[in-house]
Amino acid sequence: MNDDGNVVLSIRNLSKRFGPTVAFSDVSLDVERGEVVGLLGENGAGKSTLIGVLSGVLQPDGGEISVNGRRCRFDDAHAAQVGGIGAVYQHLALARHLDVAENLFLGRTGSLLSVVRPGQLHARASRVLADLGWQIDPYRVVGSLPTSDQQLVEIARGIASNARLLLLDEPTSSLNAGEAETLIGHVRVLAANGIATIFVSHQLDEVFDVVDSFAVLRDGRVVLRCRKEDTDRSAVVSAMMGTTASRVDVQALGRSRGEAGAQHAFEVQGLTRPGSFEDVSFTVAPGEIVGLTGLRGCGAVEVAANIFHQTDYSGRVSCLGHPGPMKMSELIRIGIGYVPADRAEGLFPDLSVRENLGLAARIGRIAASRTVEEVMKLLAIRAHDLRDPVKELSGGNQQKVLIGRWLVTAVKALILVEPTRGVDIGVRVDIHRLIRELADIGVGILLASLDTEEIEAVANRVLVMHNGRIYTELEGKITVSKVRTAVAGVASTKATNL
């Protein structure tokens with residue numbers, strides 16, 4: 001980060017505000033040729049706005065941007081592309097009905113599509129893909145490609161327009177573990193070939209795996225800029241969260257009023273729903289966190305959801321010693337909580353924060369054990385007013401509301417499905433800490449998540465699923481490597497036996 005002649009991107013005193021709100025201020029940053037920079041920060045720290053300015057989507061209010069030593073002003077995204085910056089966002093901007101070659105050059109070469117014969121266009125696309133070492137058919141319709149290959153096509157578009165700097169915003173969010181690992185491998189290859197990258201992700205293990213350095217934003221300012229070897233995970237998280245980070249006080253949670261005589265929080269035997277899962281059996285003890293995981297479509301999410309909804313299944317389900325099937329209101333009344341993967345499924349966006357937090361107690365027709373205000377304070381849920389619609393909260397605070405409603409009712413057993421999907425690292429740390437502390441006071445927890453970092457962070461025991469069945473159980477020390485190896489092993493073995 002010191003050789004000026006090797007600097008691809010240099011920004012000095014960059015600032016951007018929206019009316020009275022400062023998105024970021026006085027940001028200065030250098031990125032060298034072939035360097036992978038992890039751009040981190042909580043939601044609202046200014047990451048997305050900074051990416052928007054660098055990609056030409058937004059205009060800065062002050063400061064300078066230089067690419068390869070030349071001062072630049074990007075009036076739009078096309079100008080940024082011409083200037084050598086390519087952006088790949090979480091939601092891909094591809095024309096799904098066109099083929100790979102057409103997507104590579106669409107909007108990048110003026111009238112190229114109208115004057116170049118199709119064969120020449122596809123030959124050019126073949127050369128671009130071959131140079132990158134990617135085996136993707138340029139004639140293939142993009143919409144028919146797996147998501148991981150679509151990500152590569154998006155990256156190749158930037159390379160085809162001579163980008164020397166790639167902005168990757170949550171590039172692995174829609175990929176499974178194997179696809180994400182493959183993409184990270186491609187980023188390393190690009191870096192070895194001199195392509196610089198700014199990499200934005202909520203997955204800290206993933207970031208530490210691929211980056212050379214970190215730039216951490218907090219409250220719109222760079223609070224940490226260092227090489228990877230000069231820091232560690234704890235220091236990076238502390239820089240992101242600062243001194244205002246929420247901390248859950250386990251003593252304030254009280255003791256779990258576990259069901260007397262209940263040996264298991266959850267007991268499942270032979271659970272089957274044709275087309276979703278088959279012959280699934282396991283138990284979750286009070287105070288235990290059991291992770292259900294696997295590749296996308298493995299059945300983990302469906303099993304967890306079915307234990308709460310208890311519809312269209314055969315086999316036996318028992319919650320806190322109560323045999324199913326049971327209605328949702330009955331489950332809530334005995335102390336079962338459920339956090340779905342999709343916030344839209346669990347929240348009523350037009351109802352107030354207060355109403356959403358108190359919903360479980362109302363549905364279960366049980367007395368609240370804590371006030372909404374106590375839970376708000378306990379989880380550091382940031383809301384201007386409890387009467388405001390919950391849709392006005394940030395995604396992370398909405399997720400805290402989903403979990404917090406079960407603290408209002410003194411939950412005894414909890415089903416969590418992808419509980420930190422789409423939240424920033426600070427909220428993620430807080431939720432994982434809360435999960436562990438709930439287990440510490442006796443709450444039995446079933447965690448269905450395809451996020452191996454999440455499984456490592458909280459699970460005591462892991463069940464690996466594939467094609468709707470449990471194939472492997474992991475005990476002892478749970479690590480990302482151990483889980484990924486088991487998931488990959490099960491998937492490859494079953495594919496070989498097909």
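The paragraphs below go through a helix pair, a sheet with its packed helix, a hairpin and a salt bridge.

The model is predicted, so local features need pLDDT of at least 70 and side-chain atom pairs count only at pLDDT 80 or more, while totals for chains, interfaces and linings use all residues. Residues are numbered from 1 along each chain as its sequence is written, and side-chain values use heavy atoms, with hydrogens and water left out.

Helices and strands here are DSSP runs numbered from the N terminus (helices are H or I with at least four residues, strands are E with at least two). Helix H17 (residues 395-408) packs against helix H18 (residues 425-440) at an angle of about 15 degrees, and their axes are 10 Å apart. Axes are lines fitted to C-alpha atoms, for helices over the stretch in contact, and angles run from 0 to 180 degrees between N-to-C directions. H17 is therefore roughly parallel to H18, a term for angles under 35 degrees. The contact (heavy atoms within 4.5 Å) involves Gly396, Gln399, Lys400, Ile403 and Leu407 of H17. From H18 come Val427, Asp430, Ile431, Leu434 and Leu438. Sorted by class, the contact of H17 with H18 has 6 nonpolar, 2 polar and 2 charged residues. Nonpolar covers Ala, Val, Leu, Ile, Met, Phe, Trp, Tyr, Cys and Pro; charged covers Asp, Glu, Lys and Arg; the others, Gly among them, are polar.

Next comes the sheet. Strands of a sheet pair through backbone hydrogen bonds, either parallel or antiparallel. Here 4 strands form an open sheet in the order E12-E11-E14-E15, with antiparallel pairing; two strands pair if DSSP finds at least two bridges between them. Strand E12 (277-284) and strand E15 (322-323) are the edge strands, each pairing on one side only. Strand E14 (residues 314-319) pairs with E15 over 2 bridges, and Ser318 stands opposite Pro323 in E15. Helix H11 (residues 300-309) packs on this sheet and touches strand E11 (266-273), E12 and E14. The direction of H11 makes about 115 degrees with that of E11.

Strand E9 (residues 213-218) and strand E10 (residues 221-227) run antiparallel and are joined by 6 bridges. Val216 stands opposite Leu224 in E10. The two strands form a hairpin with 2 residues between them, and Asp219 in the turn has a positive phi of about 55 degrees.

Arg225 forms one with Glu35, the closest N and O atoms being 3.3 Å apart.

Methods:
Angles under 35 degrees count as roughly parallel, over 145 as roughly antiparallel, 65 to 115 as roughly perpendicular and the rest as oblique. A salt bridge is a side-chain nitrogen of Lys or Arg within 4 Å of a carboxyl oxygen of Asp or Glu.
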